[in-house]
Amino acid sequence: MISLTDTQKIGMGLTGFGVFFLFFGMILFFDKALLAIGNVLFVAGLAFVIGLERTFRFFFQKHKMKATGFFLGGVFVVLIGWPLIGMIFEIYGFFLLFRGFFPVIVGFIRRVPVLGSLLNLPGIRSTT
């Protein structure tokens, strides 16, 4: 099992709450207060988990500047009060930022008992 420091445990909690508030904010018809809280908690949690320096290096790599612009621009747009437009920017930026991790995530999910059998169905297997 991977051992986590106390700072990383706090970061995991912040990131989890951030994802929860983002999801809940979208379910409640893009409630801007919940989305803003979720954005702040998610970014703060990410900084706690991987460290402040590595977070800056991740977001501000030269080939990821477009993705970072969309993601952080979406966070800013949500914070100023336009949640739907901001979330569209954020989701696009999120997919651009983390697209390298998606094959790893799919490979991990394939090993989970129930979800793995769903991903191995004939129609779905060819698309993932």
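Guide: A pocket, as the word is used here, is an open set of grid points with protein on both sides within 12 Å along at least five of seven lines. The model is predicted, and its largest pocket holds about 1,100 Å³ of space. Of the 29 residues that line this pocket, those closest to its centre are Thr 15, Phe 42, Leu 46, Phe 94 and Phe 98.

Visitor: Which elements give two or more residues to the lining of the largest pocket, and which gives the most?

Guide: Helix 1 (6–27), helix 2 (32–50), helix 5 (83–98) and helix 6 (102–110) each give two or more, and helix 1 gives the most, with eight residues. By residue class, the lining divides into 23 nonpolar, five polar and one charged.

Visitor: Why is Phe 29 called exposed?

Guide: Exposed means over 50% relative accessible area, and Phe 29 has a relative accessible area of 76%, so the residue is called exposed.

Visitor: What makes the phi of Phe 29 worth a remark, although it is not a glycine?

Guide: Most residues other than glycine have a negative phi. Phe 29, however, has a positive phi of about 55°, and Phe 30 likewise has a positive phi of about 55° without being a glycine. Phe 29 lies in the loop between helix 1 and helix 2, and Phe 30 is placed in the loop between helix 1 and helix 2 as well.

Technical notes:
Residues are numbered from 1 along each chain as its sequence is written. This is a predicted model: local features need pLDDT of at least 70, side-chain atom pairs count only at pLDDT 80 or more; totals for chains, interfaces and linings use all residues. Side-chain values use heavy atoms; hydrogens and water are left out. On a 1 Å grid over the protein atoms alone, a cavity is a set of points where a 1.4 Å probe fits but cannot get out, and a pocket is an open set with protein on both sides within 12 Å along at least five of seven lines; lining residues have an atom within 4 Å of a point. Grid points are joined across faces, edges and corners, and a volume is the space filled by probe spheres set on the points. Helices (H or I, at least four residues) and strands (E, at least two) are DSSP runs, numbered from the N terminus. Ala, Val, Leu, Ile, Met, Phe, Trp, Tyr, Cys and Pro count as nonpolar, Asp, Glu, Lys and Arg as charged, and the others, Gly among them, as polar. Buried means under 20% relative accessible area, exposed over 50%, partly exposed in between (1.4 Å probe, protein chains only).
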